[in-house]
Amino acid sequence: MTRISSRPKKTSASTGRQKRTRSVKTDPVRSIKKRKPVWYGNSKLGGMPYLQEHDISGRLIVIEGPDASGRSTQIEMLTARLEADGFAVLNTGLKRSELIGEGILEAKRNVSLGKRTSALFYAADFADQLEHKIIPALQAGYVVLADRYIYTLMARNTVRGIRRLWSSNLYSFALVPDLTFYLDVDPFKLVHRVFAKKQSLDYHESGADMGLSEDMFESFIIYQRKLAKEFEHLKKKYGLVSIDGNKTQEQVNIILQKQISRFLAKVA
Amino acid sequence: MNTSRQILKKYGIPGKLIVVEGIDGSGKSTQLRLLEKWLRFNNFEVFRTEWNSSDMVKSITSKGKKKANLTPTTFSLLHATDFADRFERNILPLLRAGYFVLADRYIYTAYARDVTRGCNRMWVRKMYDFALKPDLAFYFRVPIDISMDRILSGRPKLKYYEAGMDLNLSNDIYQSYRIFQSKIIEQYESMAKLEGFAVIDATLGIKEQQKLMREKIMRILPQKTKRTIQEIP
């Protein structure tokens with residue numbers, strides 16, 4: 001892009017861009033069909049009845065999967081591709097809210113929150129991001145790529161002995177994503193990917209707070225198996241699309257891109 | 001799984017959970033402190049806990065809370081987190097150990113405030129369904145004018161969320177507070193019967209109210225301990 005220095009030039013340049021927008025296929029931001037937002041709750045049990053149901057024009061795409069399943073790499077690749085295709089893209093993930101993002105990291109270091117307390121903590125953090133980041137972006141027409149969503153949070157609760165119904169009621173305030181993928185990777189393969197990255201197992205991703213085993217390696221495998229088993233249930237209940245994450249990054253990316261492009265072609 | 005109810009079946013919960021509810025300035029905290037003295041004097045093990053007081057949760061949220069604007073949902077979830085922390089760490093273990101747990105506000109405060117803020121009624125109730133039902137829940141019924149007088153004489157500066165300023169009820173903080181508190185009273189009144197509140201007329205004298213409370217407590221004490229109960233000299 002050329003920099004515009006003087007005033008008259010600026011006016012002509014901007015009208016020029018407007019003309020292009022109308023005629024050329026790859027406009028700066030591709031617009032998406034508007035629709036009503038869909039929530040998990042209903043009038044009896046929605047979490048945010050105070051939110052006016054403005055139309056949204058963006059779309060919410062979620063990538064779920066265990067630690068080291070390659071989610072963030074996939075999101076990077078997808079973001080680049082979608083932006084090249086002319087979409088405005090926003091990336092979000094868990095544990096990044098303004099409200100308590102830092103606090104969760106701190107609490108993790110202390111490891112002293114009870115299961116119910118941490119479940120609610122993560123829910124508060126998620127709600128903050130949903131209301132302050134995801135929903136505004138969707139209203140502004142962004143494609144939101146979410147690195148994990150309520151499913152991981154619900155699975156973590158369940159394996160810690162919290163009733164599924166309690167978690168699903170809790171997250172009834174959440175927006176239903178347009179597409180959710182689950183990167184399915186064998187726990188043994190995950191260990192190798194984790195080691196390739198940092199040569200040590202993360203305390204929490206190993207479920208070490210649950211006292212599954214004295215042995216960290218064993219604990220990791222048991223914990224990841226439990227989560228994977230819970231995701232089998234979640235996949236069916238919420239219609240997550242399972243992707244074989246044991247394949248290479250490039251292979252996985254081709255599958256994801258194909259499905260996402262096909263979906264966006266219908267609405268953009 | 002480990003729901004409160006199943007724990008109850010397995011080990012039993014010998015302690016007693018006493019709760020006070022009511023709007024600010026209803027005098028409930030004063031009454032609860034008097035009750036605490038009386039119980040301690042009679043050699044009961046007592047633990048008193050206040051709403052929104054978990055140090056752990058406070059230290060974690062304090063960083064973000066000022067910056068971020070809280071929505072009804074995040075406000076509700078943060079208070080639930082605080083409650084859960086106190087419930088998991090103190091309330092439940094102490095009740096299982098046989099303590100008298102005295103709670104200055106309990107889940108009914110969340111029912112009243114969160115619904116007033118615009119959260120879904122059922123959503124709030126289901127979120128708190130892990131909590132134990134109290135052995136006694138006192139509700140301090142007070143006209144709004146009396147409570148306003150009590151609050152404003154002792155503590156003139158109202159806080160933003162306390163006054164319900166986030167609800168845009170009025171630009172005047174005192175007017176907003178008044179409307180907000182009136183709405184909370186409506187919520188309390190609507191649940192009083194269903195939740196089995198022991199209603200205390202909070203316009204009565206301090207001693208009179210305390211007497212009524214102790215009579216209620218006497219009824220839930222085991223026979224053995226009842227005979228030895230004394231007034232504080």
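This is a predicted model: local features need pLDDT of at least 70, side-chain atom pairs count only at pLDDT 80 or more; totals for chains, interfaces and linings use all residues.
Helices and strands here are DSSP runs, a helix having at least four residues and a strand at least two, and they are numbered from the N terminus.

Start with Arg105(B), which sits in the loop between strand 3 (100-104) and helix 5 (107-117) of chain B. Take a look at its backbone: Arg105(B) is not a glycine, and yet its phi is positive, at about 80°. Is this residue buried or exposed? Its relative accessible area is 8%, and because buried means under 20%, Arg105(B) counts as buried.

Now move along chain B to the loop between helix 7 (144-154) and helix 8 (173-192), where you will find Asn168(B).

Our last stop is Asn42(B), in the loop between helix 2 (28-41) and strand 2 (46-50) of chain B. With a relative accessible area of 13%, Asn42(B) is buried. What does its side chain reach? If you follow the side chain of Asn42(B), you come to the backbone oxygen of Trp38(B) at 3.0 Å. Setting aside neighbours within four places in sequence, Asn42(B) is also in contact with Thr228(B), Ile229(B) and Gln230(B).

Methods: Residues are numbered from 1 along each chain as its sequence is written. Chains are lettered from A and ligands numbered from 1 in the order in which they are written. Side-chain values use heavy atoms; hydrogens and water are left out. Buried means under 20% relative accessible area, exposed over 50%, partly exposed in between (1.4 Å probe, protein chains only). A polar contact is a pair of N or O atoms within 3.5 Å; within protein, one must be able to donate a hydrogen and the other to accept it, and residues adjacent in sequence count only if both atoms are side-chain atoms. Contact means heavy atoms within 4.5 Å.
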